[in-house]
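Here are my notes on the model you passed along.

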Amino acid sequence: MDAPAAPVQAPAAPIMILVQEALAHILSVCTSLAQVISATTVVSTLQAEGGNQTPAARTPEQRHLERFGRLQPPSFSGAEGEEAYGFLDKRPRMLRTATILETSGVASTTFQFSGVAFTWWEAYERHTPVGTVPLTWHEFSTLFLEKYVPQSRREELHRQFEWLRQGDMTVSQYESRFSKLDRHAICMVPIDRERIRRFVDGLNYHLRILMTRDRVLGATFEEVVDIAREIKMVRYQDREERKAKRPRGSGNYSGAPSRGQF
């Protein structure tokens with residue numbers, strides 16, 4: 001009688017590859033969390049010690065994170081009725097103040113997720129292929145708003161962006177409004193060059209006519225905003241100086257303005 005045949009075993013190699021990829025992804029997620037936890041611990045320790053460490057003993061990253069911790073950033077759970085747009089709208093200013101917007105902005109923000117928001121982000125990271133380039137702040141903002149801001153609200157903000165013009169706003173006010181709305185119109189301004197063109201097109205005519213191609217060529221968005229402020233300031237000063245030269249009683253020179261007026 002023939003001996004019973006040995007059971008056929010499935011090849012181990014494909015299973016091992018899947019296991020290795022899963023472990024690599026878990027390691028990547030744990031590393032990111034460890035960095036944020038470490039950063040948070042640094043902030044808490046520095047605050048508990050009352051800032052007894054000398055400035056020289058702190059690394060630049062520690063100083064940035066300590067500054068961020070003092071701003072008391074809010075958390076987000078994704079619960080029904082929670083204001084997602086308001087939560088995200090406050091983050092860039094806080095992260096920029098701590099100078100960690102692009103370096104640790106996404107990690108610092110998602111670390112403060114809880115509830116369904118934490119579950120959503122955990123699922124996103126779990127399904128992201130190993131080795132994928134981390135999201136920029138702009139990309140993360142778009143993803144977050146698509147998830148937590150209703151379609152009708154996003155369409156309304158999109159329309160507001162399409163019709164946005166400087167009007168009675170200062171350059172700084174216009175730039176602030178522009179930056180708040182452009183995250184809802186990434187399909188309209190997918191690259192910096194288009195973003196700059198759209199910003200310049202919305203400026204008042206007396207500024208737009210002076211924002212020549214040569215003047216803004218190669219400039220970043222922030223540099224273009226500064227150029228517009230400088231033009232506005234120069235025009236204001238020129239107008240005030242002309243007023244000061246008029247005969248007595250026709251108007252007085254009001255002095256140099258602050259940059260906040262532009």
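**Notes on the predicted model**

1. Let's start with Trp-120, which lies in helix α5 (residues 115–126); helices here are DSSP runs of H or I with at least four residues, strands are E runs of at least two, and both are numbered from the N terminus. Before going on, the ground rules: this is a predicted model, where local features need pLDDT of at least 70, side-chain atom pairs count only at pLDDT 80 or more, and totals for chains, interfaces and linings use all residues. Residues are numbered from 1 along each chain as its sequence is written, and side-chain values use heavy atoms, with hydrogens and water left out.

2. Is Trp-120 buried or exposed? Trp-120 counts as buried because its relative accessibility is 15% (buried is under 20% relative accessible area, exposed over 50%, partly exposed in between, with a 1.4 Å probe and protein chains only). Setting aside neighbours within four places in sequence, Trp-120 is in contact with Phe-113, Leu-143, Phe-144, Lys-147 and Tyr-148 (contact means heavy atoms within 4.5 Å). Phe-144 is 24 residues away from Trp-120 along the chain, and their C-alpha atoms are separated by 10.0 Å.

3. Now to α9 and α12. Helix α9 (residues 192–202) packs on helix α12 (residues 221–244) at an angle of about 20°, the axes being 10 Å apart. That makes the two roughly parallel (angles under 35 degrees count as roughly parallel, over 145 as roughly antiparallel, 65 to 115 as roughly perpendicular and the rest as oblique). Axes are lines fitted to C-alpha atoms, for helices over the stretch in contact, and angles run from 0 to 180 degrees between N-to-C directions. On the α9 side, Arg-195, Ile-196, Phe-199 and Val-200 make the contact, and on the α12 side Phe-221, Val-224 and Val-225 do. By class, this contact has 6 nonpolar, no polar and 1 charged residues.

4. Helix α8 (residues 171–182) also meets α12: their axes come within 10 Å and cross at roughly 155°. The pair is therefore roughly antiparallel. From α8, Val-171, Ser-172, Glu-175, Phe-178 and Ser-179 meet Phe-221, Val-225, Ala-228, Arg-229 and Lys-232 of α12.

5. For the chain as a whole, there are 12 helices and 0 strands. Buried residues make up 31% of the 262 residues. Of the contacts with a separation of 6 or more, 63% are between residues 24 or more positions apart.

Notes. Nonpolar A, V, L, I, M, F, W, Y, C, P; charged D, E, K, R; others polar.
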